[in-house]
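Notebook open. I wanted a quick look at a cavity, a helix and a loop residue.

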Amino acid sequence: MIQTRKYQKSHNLILAGITALLLTACGGSDESTDQVEMPPVETTPPVNLINANAGGPDENKGDCDATTEGVNWNALMTETCRNLSDYNLFQDSMNPTENPSNGGVAFNLAVPLFTDYASKYRFIFIPEGKKINYSQNEVLDFPVGTVLVKTFAMPADTANRDGEELIIETRLLIHRENGWVARPYYWSDVTDAKIAITGKTIADMTTTHKGEVKTFSYSVPKASACTSCHSVVPLSQGADDIRQPIFKPIGPKARNLNIEHVYHDSTANQLQYLADNQVLIGLPTDFSTIDKVDIFNDDLDITTLPHEQVMDTARAYLDINCAHCHRSELTIPEANYAGPAGGSGLQLEYNRDYAENPQRFGVCKVAVAGGHADYPADVIPGSSDKSYLLFRMSTNEQRHRMPELGRSTVHAEGVNLVKYWIDNLTRADCS
């Protein structure tokens, strides 16, 4: 669109020049050499290409039954609607995996959070005229009115994620005037998803993964449980400290979005695409200054990777799966805040310097909470079989399992990655 406007402006100037020449050639006034005055060329102000004409919330109270041409923004900002379709987020209300309404754009993460081998369809919805502010280390700064949408579907066979699948749930993170709220919706049938404030457990969920049939109970979290992972909590500053936890998204950080994505009309870097479409502002022109994590998927053969790439990939995996809880200050914008497990001493942020203090990553650190007699430290370089961190990733025992929520199965490939990482770390005193 920008190129089209430039072309139109140049075209008008050329026409003006031709007109002036014709006037001179046809006996225009010899008494004045003044140029022929042309009416000023009207220039169209830039528009947000992704959310142009998308509308947005206003001061009015929402109505779940309202008929809207696009997104029902007011309902999103003020109401908890019974049906997902009441928000009109998708052009086909029965298909939350593609074709978002105006203002929505699909995205992906370089390293996704593991959820029982489910496929995930992610979308960002931004109201018309609103902008996302770039952040180097934290989740992008999304404006009020933003909705992050994630639909979970279980493939019949993970080897063919474009094939048959069961759509299970759609989770909304909605940025309202007073902060973010979570709203989970469960697809009890194919016609629509219903609000699941108290959660839902689906017994005997199955998928085939690498030729093995897995059967397990899948859990749709209750809305209040989302704060367990999505909050940063105040580090007490004394008896008078009455600050409350702050709810935050987890996944869409610059380092996780710094990959190419296939859009309906092109393939582009996701950050650059948002910037080019005038929705993301503050993106550095020098892309080398933006962290870029290595893509991890279940087909990656980690034994073929050089040591530095193993280190990077493992830390990126721990960052997205663990560091939303296991983090403390560092780059959290709010002073004296930490993740819910930030006080454990195990702090796994990707942007934390491992070489500066390996103990923060669990090296030779005795577990503060829980613990197990057979695992003397969280991470023992060279001895993954004695490392409590790996045990917690490998078990489904409720007392020891990590993450505590969000999975009922063990992510075998993630476990193998972290195991390989631990076994190839430089030996330490506890090794």
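**Cavity, helix, loop**

I started with the lining of the largest cavity: α3 (227–230) and β10 (231–234) each supply at least two of its residues. Helices here are DSSP runs of H or I with at least four residues, strands are E runs of at least two, and both are numbered from the N terminus.

Ground rules: this is a predicted model, with local features needing pLDDT of at least 70, side-chain atom pairs counting only at pLDDT 80 or more, and totals for chains, interfaces and linings using all residues. Residues are numbered from 1 along each chain as its sequence is written, and side-chain values use heavy atoms, with hydrogens and water left out.

I looked up who else lines that cavity, and found Glu 138, Lys 248, His 324 and Arg 327 among them. Lining means an atom within 4 Å of a point on a 1 Å grid, over the protein atoms alone, where a 1.4 Å probe fits but cannot get out. By type, I get five nonpolar, three polar and four charged residues; Asp, Glu, Lys and Arg count as charged.

Next I checked helix α8 (residues 412–423), which has twelve residues. Its buried residues (under 20% relative accessible area, 1.4 Å probe, protein chains only) include Trp 421 and Ile 422. I see the buried set packing against β8 (200–209), α6 (307–322) and α7 (388–394), with contact meaning heavy atoms within 4.5 Å.

Last, I went to Thr 304, in the loop between β14 (280–281) and α6. Thr 304 is exposed (over 50%), at 57% relative accessible area. I also noted the backbone oxygen of Asp 301 at 2.7 Å from a polar atom of the Thr 304 side chain.

Notes: Expected span 1.5 Å × (residues − 1). 1 Å grid on protein atoms, 1.4 Å probe; cavity = no way out; pocket = protein on both sides within 12 Å on 5 of 7 lines; lining within 4 Å. Polar contact = N/O pair within 3.5 Å; in protein donor to acceptor, adjacent residues only side chain to side chain.
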